[in-house]
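Let's read a protein model together, one feature at a time. Ask whatever you like as we go.

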Amino acid sequence: HQFIRLFRYLGDDEDGVISNVSHSQALLTKLQQKVKQKQRQSLAKQRERTDEEETEQQEVPSETKDEKRSSEKHQQQKKKKRKSTAGVLLDADSNSSEPAGKKKRKGAEDKKQTSQESGQSVVGVSPESCRCETEREQEVEEPNKDSSAATGFRVLGGFESRPVHKAKRVLPQWLAEPDVIHRDIKCNLVPVSSVSGVSAQLLRKLEANGIQHFFPVQAEVIPAILEGAQHGFLIGRGGYRPRDLCVSAPTGSGKTLAFVIPVIQVLMERTVCEIRALAVLPTKELAQQCSDLNVCLVQVYKVFVSYAEGTPVKVVMLGGQRSFAAECASLSEQRGSVRCSTADIVVVTPGRLVDHISKNPGFCLEHLRFLIIDEADRMIDSMHQLWLSQVLKAVYCSAAGPEDRTLFRRTKPACITAASLSPGQMPLQKLLFSATLTQNPEKLQQLGLHQPQLFSSVHSPSSSTTPEEPTHKHERFDFPQGLTEFYVPCTMNKKPLLILHFVLYLKLRPILCFTNSRETAHRLYCLVKLFGGVQAAEFSSRLSPGERKKTLKDFEKGKIQLLISTDAAARGIDIKDVKCVVNYDAPQFIRTYIHRIGRTARAGKPGLAFTFLLRIQENNFLRMVMDAGSPGIQRQLVKPECLKGMEKQYEVVLQELADVIKDEKSRH
Ligand SMILES: Nc1ncnc2c1ncn2[C@@H]1O[C@H](COP(=O)(O)OP(=O)(O)OP(=O)(O)O)[C@@H](O)[C@H]1O
């Protein structure tokens, strides 16, 4: 089991619960390897010593000798265990869910059985020495090598200790060799009219919205989606399913329009209104309940609505702020005795989607043509919710028997054979989008992609093409072009002064400032307010959905100079003209960092990102950022003299803050 685990590629995903687990697993495995290596070395030494002692004590009766040896070993074992308690605990945890004690007992039983089978006598060996022996053998992982030499029998099933080679990442070709998207957003603009297949109506709309050129990701992906629907949306080209598309492009590079335009273009040609496209977005940290605000969902919905206006295509959002009954009513209407769909495109969160599939009989996905998965890496992390399997069940539920030969017959795709392709059927195409799309094939595999095609601005060297080429241990992502990254070495108590210095003296505003918890966000907000001179606001689950909506609007209008937020505003939110992002607390994971700093430098504009780093955080953080492919993060020192002027007032404010927080606590 351990072996298999070592040879699997362990991805470097960090964002989200599942990726946390896999990352910790990888670390755990590494630690275990180290512990085992150390144990092996010390055991080898121990064995040498024991052998020497044995030769010295030739005269001692064998039983006493055994006892003595095992009790000595036990003492050494105990000493060793004391030294590496952490390692032993990790071992016990990782290999099974059994408690450590139980596992040891099981080991002893196994050993007893092995010894009996191999003809070794355990008579005269105390249970204690037997236990030590068992532990030793478990740790060395070569239980039968020596015993076979002693008995003269070759013991089958014995393992020889061999050096374990680290698994080399070998990516499948589609991941290793993506269709490259130009990185430079400003130099690779394509006039909207030069992309064939986009109707005059949509072109006019684009121009009305101030878009004359497509960004590189749009110029690549829009034609690819349109090509898959070249023969209408009912049937794939030549009867084949179009390839599923994965798009990995930086934050703010225009991924939303890359799917909105082609999907509306294809669905404009439909005659009957049915749900043909689902855009699924992750549930926000703040939007656990349906009545809560999910800013990303609303933003994607608004873009769809804006481009669907004037076309027959209807867009509905589920998982926003309405009741389930109201959502059901928005999806269909009764015309005479028939219930008709009133939605072509549904923008939805996974939880709300599953609710409608299971509880709303009027929710029909049998005509689904596009499944758009935005923030795909987060969505893969939520695969344990089984939302995808529920969608697929709902799509193919109408599949009749093989005698059903209608054009609209839909069966769950299996292997491509002449029989399975005749007659052709309406394809379901998955479209994945993310700024931090995982390159871990095991994770992507969960989505059941069909001949996937990757569009990416990051080219990851493949060991499959050139085995000598060094492979990157860490996943690499593309950073926005106009972004300049800095880190500011500081101490904990200087952080509030630094942020005040940024707003008041460096005049870097508006600033979107991220903390790692809502408590820190609130404390900092209170402190800045008490200090005065800065229009500040907080954005976290402490606020009601209405308050948050208003706060974001005010921030966008420039009424707020400093918005102090949790990671609630880190992903997918498109706030116009954020000049500067400050990581007041350094993010733990690279994905969080990329999404946070991606709130600035959007759509090719310039932006600044500062991260306040404590001395203890510096090395790890900088390594994490460089490993992820950052073009460079510069050191920005703020001289203590710059903060001196504020220190007196700061001391006073700190006293007041303690009272305010105490007062708030007593009220709750
Ligand atoms: N072709 C274009 N020309 C000008 N502006 C554009 C164009 N395409 C998109 N934009 C603008 O760029 C901004 C970022 O776009 P969008 O929100 O789609 O980025 P994104 O890639 O989805 O980012 P994220 O990964 O952070 O969600 C938006 O304000 C959008 O209106």
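Q: Which backbone nitrogen does the side chain of D344 reach?

A: A polar contact is a pair of N or O atoms within 3.5 Å; within protein, one must be able to donate a hydrogen and the other to accept it, and residues adjacent in sequence count only if both atoms are side-chain atoms. Here the side chain of D344 reaches the backbone nitrogen of K314 at 2.8 Å. D344 is found in the loop between β8 (338-341) and β9 (345-348). Helices (H or I, at least four residues) and strands (E, at least two) are DSSP runs, numbered from the N terminus.

Q: What should I know about the model before reading on?

A: This is a predicted model, in which local features need pLDDT of at least 70 and side-chain atom pairs count only at pLDDT 80 or more, while totals for chains, interfaces and linings use all residues. Residues are numbered from 1 along each chain as its sequence is written, and side-chain values use heavy atoms, with hydrogens and water left out.

Q: Is D344 buried or exposed?

A: Buried means under 20% relative accessible area, exposed over 50%, and partly exposed in between (1.4 Å probe, protein chains only). D344 counts as buried because its relative accessibility is 0%.

Q: Where do T611, L614 and E160 fall on that scale?

A: T611 lies in strand β18 and is buried, with a relative accessible area of 0%. L614 sits in the loop between β18 (607-613) and α22 (615-627); its 19% relative accessibility makes it count as buried. E160, in the loop between α7 (145-151) and α8 (173-176), is exposed, with a relative accessible area of 52%.

Q: How many residues of helix α18 are buried?

A: The helix α18 (residues 495-504) is mostly covered, with 10 of its 10 residues buried. Among them are K495, P496 and H501, along with L497 and F502.

Q: Which residues touch the most other members of the largest nonpolar core?

A: A nonpolar core is a set of buried Ala, Val, Leu, Ile, Met, Phe, Trp, Tyr and Cys residues joined through side-chain atoms within 4.5 Å. The largest one here has 67 residues, and V263, I264, F304 and I345 touch the most other members. Helix α11 gives the most to this core, with nine residues. At least three residues of this core come from each of domain 1 (173-399 + 425-456) and domain 2 (483-666); such domain bounds come from an automatic or database domain assignment.

Q: Which residues are closest to the ligand?

A: A residue is near a molecule if one of its heavy atoms lies within 4 Å of it. The ligand is surrounded by 19 residues, and the closest are H213, Q218, K255, T256 and D574. Nonpolar means Ala, Val, Leu, Ile, Met, Phe, Trp, Tyr, Cys and Pro; charged means Asp, Glu, Lys and Arg; the others, Gly among them, are polar. The shell around the ligand has six nonpolar, eight polar and five charged residues. Domain 1 and domain 2 each supply at least three residues of the shell.
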